[in-house]
Amino acid sequence: MLRDITLGQYYPAESVIHRLDPRTKFLGTLAFIVALFLFKTFWGFLLCGGFIIFVTALAKLPIKFLIKGMRPILFLLLFMMIFNLLLTPGEIIGQWWIFRVTKEGVYAALFMGLRLVMLVFGSSIMTYTTTPNKLTSGMESVFGFLKIFKVPVHELAMMISIALRFIPILLDETNKIMKAQQARGADFETGGLIKRAKALVPLLIPLFVSAFRRAEELAEAMEARCYHGGKGRTKMKPLKYHLRDLIAYLSLIGLIVGCVFIP
Amino acid sequence: MSLILDKISYYYGKGTAFETAAVKNITLSIPDGEFIGLIGHTGSGKSTLIQHMNGLIKPESGNIYFNGADIYDKDFKLRDLRRKVGLVFQYPEHQLFETTVIKDVLFGPNNMGFTKLEAEVAAYDALKAVGIGEDLIDASPLELSGGQKRRVAIAGVLACNPEILILDEPTAGLDPAGRTEILNLLKKIHEEKKITIILVSHSMEDVARYAERIIVIDNGEIYFDDEPRKVFEHEDELKKMGLEIPQCTQLVRKLKKCGFDVDEDCLTVEETLASIKECFGIN
């Protein structure tokens, strides 16, 4: 049951999108999200939709993958669409009991829904094509200016990469402990809510103990290698912009301009 | 009374590009009272195989019979199987969670539906069998030493009174003294309680000394299943699987090649020493 959780959902492939600088992809995703909320007409959808399909094709991502990524927000999506559909005042086109559907409501629901879908598509393209490590390193660089305000940017980025790195390890560990307790007759799958919550104790305590142990070991190993935070630290693979990044930025500016000026 | 695996196969990542066979068409019979060594290289599928034996992993194909009953039959209770086939995982001390040693050992018997009295008797009995003294019973399991923790964890499984006890690398990460201690303990439990023991290991040394039967697994398939001496005749094939026959056996075989009249089949240090002494006429 724990195998179904996929986090850090990198999809390995050889493509120009994969090779883009993580900063480009991060800022690009932000720009795309901004663009999504700039236009007001159907043509804007066509432009943004075309853009996202083009990028997906460039990244060689299977559509199946992107659609699978939609599943967690399906509920939110339906919820938002239904509320928009029913609660927008305007010209009434259908009525049933206390529910009123307006023309504006239909538009609002469709616009909202499509925007949300494209928003998730856009950000999942970023996570599918960038390894978590590159992503944090890109974010560290993008938010680097915050260092002036004494925000520990490097430390935060390091924490995020370590956390991501440990997700699969801890999942594995959870699986192992679960099996070990099942071998001693533990039952995680039947019973009421309280019984199930209680059944988690033999799983969670060893898991916490092991997480703390691992954290301590890692901290010691990092200290032994003289890690002392971000100041004066150089990178093994420094981030570098290439021509493709310039092209990417230019096309994103084009997209935003297009979204602003489209009728 | 026995456990029979009939042509079981299991794949990891079924249906994805990463599909790999962990266990291929394995047929195995485990009769009562044997001390079996299951040997294989890291990643050979031995850990996957043993998880089939108490129903933690369901094979993709093939059947498993415990005392004649198919364990995936509708009215077969997996919990009974898990009581009778105790499985001690690698680094079992990582599963300890209770506030005191005795409470942790009681976890298994309580789950298995023992009465309060039965559970306590079983728990004390198991702790005694693994050599944890009364002074430690109320200590926190997290405060014990590594070797003690492991023995408490083994007691936790032993307290369910299993008929078959499977241990996955029970000596991993212990010092030589701790290793011998655990292995001797298993031998004692095997002799006193007359239960079947399956010792999973990649160390021939450990297994050769204690097991009456050795099963060699590589790439999810069984290559040899015989008594230790017979298995060690296949020195070259074992080497190809990344397994070494015990150093003692290697030594006597080399001596024999050099023309000394020693017993080629020595498995333990004691046997080897006796044989060499005899050959050189030392008492």
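How much area do chain B and chain A bury between them, and what percentage of it is on carbon and sulfur atoms? Chain B and chain A bury about 1,700 Å² between them, with 60% of it on carbon and sulfur atoms, where buried area is the accessible area (1.4 Å probe) that two parts lose on being put together, summed over both. This is a predicted model, in which local features need pLDDT of at least 70 and side-chain atom pairs count only at pLDDT 80 or more, while totals for chains, interfaces and linings use all residues. Residues are numbered from 1 along each chain as its sequence is written, chains are lettered from A and ligands numbered from 1 in the order in which they are written, and side-chain values use heavy atoms, with hydrogens and water left out.

**Interface of chain B and chain A**

- B:H94, B:Q95 and B:F97 together supply 33% of the area that chain B buries against chain A, which is more than any other three residues give.
- Chain B brings 21 residues to the contact and chain A brings 18 residues, contact meaning heavy atoms within 4.5 Å.
- The rule finds one salt bridge across this interface, a salt bridge being a side-chain nitrogen of Lys or Arg within 4 Å of a carboxyl oxygen of Asp or Glu; the side chains of B:D104 and A:R184 meet in a salt bridge at 3.1 Å, N to O.
- Six residue pairs, both residues at pLDDT 80 or more, are in polar contact between chain B and chain A; a polar contact is a pair of N or O atoms within 3.5 Å, where within protein one must be able to donate a hydrogen and the other to accept it, and residues adjacent in sequence count only if both atoms are side-chain atoms.
- On the side of chain B that touches chain A, α2 (78–84), α3 (101–111) and α5 (146–158) of chain B each supply at least two residues, and α3(B) gives the most, with four residues; helices (H or I, at least four residues) and strands (E, at least two) are DSSP runs, numbered from the N terminus.

**Domains**

- Chain A is divided into domain 1 (2–130 + 240–261) and domain 2 (151–224), with bounds that come from an automatic or database domain assignment, and 33 Å separate the centres of these domains, taken over C-alpha atoms.
- For chain B the assignment gives domain 1 (1–76 + 163–243) and domain 2 (246–283), whose centres, taken over C-alpha atoms, are separated by 29 Å.
- Nine residues of domain 1 of chain B are in contact with 12 residues of domain 2 of chain B, and the area buried between these domains is about 900 Å², of which carbon and sulfur atoms give 52%.
- Three salt bridges are counted between domain 1 and domain 2 of chain B.
- B:R253 forms a salt bridge with B:E235, the closest N and O atoms being 3.4 Å apart.

**Sheet in chain B**

- Four strands of chain B form an open sheet in the order β2-β1-β4-β5, with antiparallel pairing; two strands pair if DSSP finds at least two bridges between them.
- β2 (20–31) and β5 (69–70) of chain B stand at the edges with a single partner strand each, so one side of each is left without a neighbour in the sheet.
- Strand β1 (residues 2–12) of chain B pairs with β2(B) in the antiparallel sense over eight bridges, and B:Y12 stands opposite B:T20 in β2(B).
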